[in-house]
Amino acid sequence: MKILLFEYAVGSGEIVEKNIFEEGKLMFDKLLNGFLNDGNSVVSIVDDKNYNYYCDLLKKPNLTVATPEDDYKSKLTEILNSQNIDCALVIAPECDNILYELTKLIENYDVINLGSSSKGIEIAGNKYATYKKIKDSVKTPKTFPLKKYIIKEIDGCGGAHQLIDENYIIQEFVDGEAYSVSFIVQNNDKGSNKNESKIYPLCLNKQYIKDHYCGGEVNISHPLKEDIINESKRAIKQIEGLNGYVGVDVIVNENDIYVLEINPRITTSIAGLETNPSLTKLLVNNSLKKDLKYGIKEGKKFIRKKE
C-alpha cells in the first residue's frame, strides 16, 4: 500500500514548543518505521529544519519525502492529487481545528483514513461537546461552558486582568491518579450495526501530570484494569466516527473511575507500546475491517525532559 503519513510538528513548518516537537517526532518515527518495515510505500512531509533527522531513511526506495514549502496544506493537497495514495494517517493537535480540517481534506479524496473521521474529531476534539455526549453513560467531572469574563486579583492594581472567553471550560476537580487507555476502534459510525462495532483494548497506561503532561508508563497492571477499560469503552461508544487509534484519559479515585477526555488520534503512549503484529499493521488491517489478533509486549516508561 502507498500511505500518506503526516505529523504536524515534524512536517508543517510551524513553530511548536520543544517538548511538543520531541513527542511529535517520537510518534512520527514510530509510525514511519512501522509502515516501512511492513513493506508499504510511504509519502510524507518533513520541514527543511528537520531533514537532518532522516538522512539515512531518505535513501529507502519506498519512502518519498516532500517539504511543506510555503503552505503544508497545499503540499498535502498536491500529494493527494498526484501520488495515488491508498491510505492516510494524520497526527495533529485538535486546537484551532487543525486535526479536523486536515481530516476533512483527506475525506475529499478516495483514500482510506486510518484515523477518526471529521465527525468524530468534531465531538472528541471539543471538551464540552465530549462531556455532553458521555455524561449520562459514565462518571465524568461536571463541566460548564463559559461566556466572556474578566478575572482580576482582589487587591490588584494598574488594571491588571486576564480575559477568559468561550474557548474555555470550567471543570470540576476530581482528586485521584491519572491513567489512559489505548484502543483501536473499528466501525464506530452511524451507518454501522452496533453489533459490528469493535473496540480493541491495547493497554492501560500511567500518566505523570503536574501542570501538564510529563510522561507515562505504558501497559501497566492495576486491580481495576478491566473496569477502567470497560468504562472507557462505554464512553467511546457514545461518539460516532471514532476510528483507528483512540486514547481515553481517566482519573481513578479508590474504586471510582472518571472519564476525562477522549483523544481521537494517535497519542504519545505509542512511544512505549510494542505490539505483535506491529501497530501500523494493526491500523491497516483495522481499516480493511479485519478481525484483529495481537499480543502486547512489556511496556516502557518515558518522561519529558526538563527544560
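My entries below go from the overall build to a few single residues.

**Ground rules.** I am working with a predicted model, where local features need pLDDT of at least 70, side-chain atom pairs count only at pLDDT 80 or more, and totals for chains, interfaces and linings use all residues. Residues are numbered from 1 along each chain as its sequence is written, and side-chain values use heavy atoms, with hydrogens and water left out.

**Overall build.** I found eight helices and 17 strands in the protein; these are DSSP runs numbered from the N terminus, with helices being H or I of at least four residues and strands E of at least two. The radius of gyration is 20 Å, close to the 19 Å that the globule rule gives for 307 residues, so the protein is as compact as a globular protein of that length. That radius is taken over C-alpha atoms, and the rule is 2.2 Å times the number of residues to the power 0.38. Along the principal axes, the C-alpha atoms fill a box of roughly 65 × 50 × 40 Å.

**Cover and contacts.** I noted that 48% of the 307 residues are buried (buried is under 20% relative accessible area, exposed over 50%, partly exposed in between, with a 1.4 Å probe and protein chains only). Of the contacts with a separation of 6 or more, 64% join residues 24 or more positions apart; contact means heavy atoms within 4.5 Å.

**Helix 8.** Is this helix mostly covered or mostly open? I found helix 8 (residues 279-287) mostly covered, with eight of its nine residues buried. Among them are Leu279, Leu282, Leu283 and Val284. Just after helix 8, lysine 289 takes a positive phi of about 65°.

**Cysteines.** How many disulfides does the structure hold? I found zero, taking a disulfide as a pair of cysteine sulfur atoms within 2.5 Å.

**Isoleucine 150.** This residue is in strand 7 (residues 149-151). Why do I list isoleucine 150 as partly exposed? Because its relative accessibility is 47%. Leaving out residues up to four places away in sequence, isoleucine 150 touches His161, Gln162 and Leu163. I also looked at glutamine 83, 67 residues from isoleucine 150 along the chain: their C-alpha atoms are separated by 50 Å.

**Methionine 1.** My last stop was the segment before strand 1 (2-7), where methionine 1 is found. Methionine 1 counts as partly exposed because its relative accessibility is 38%.
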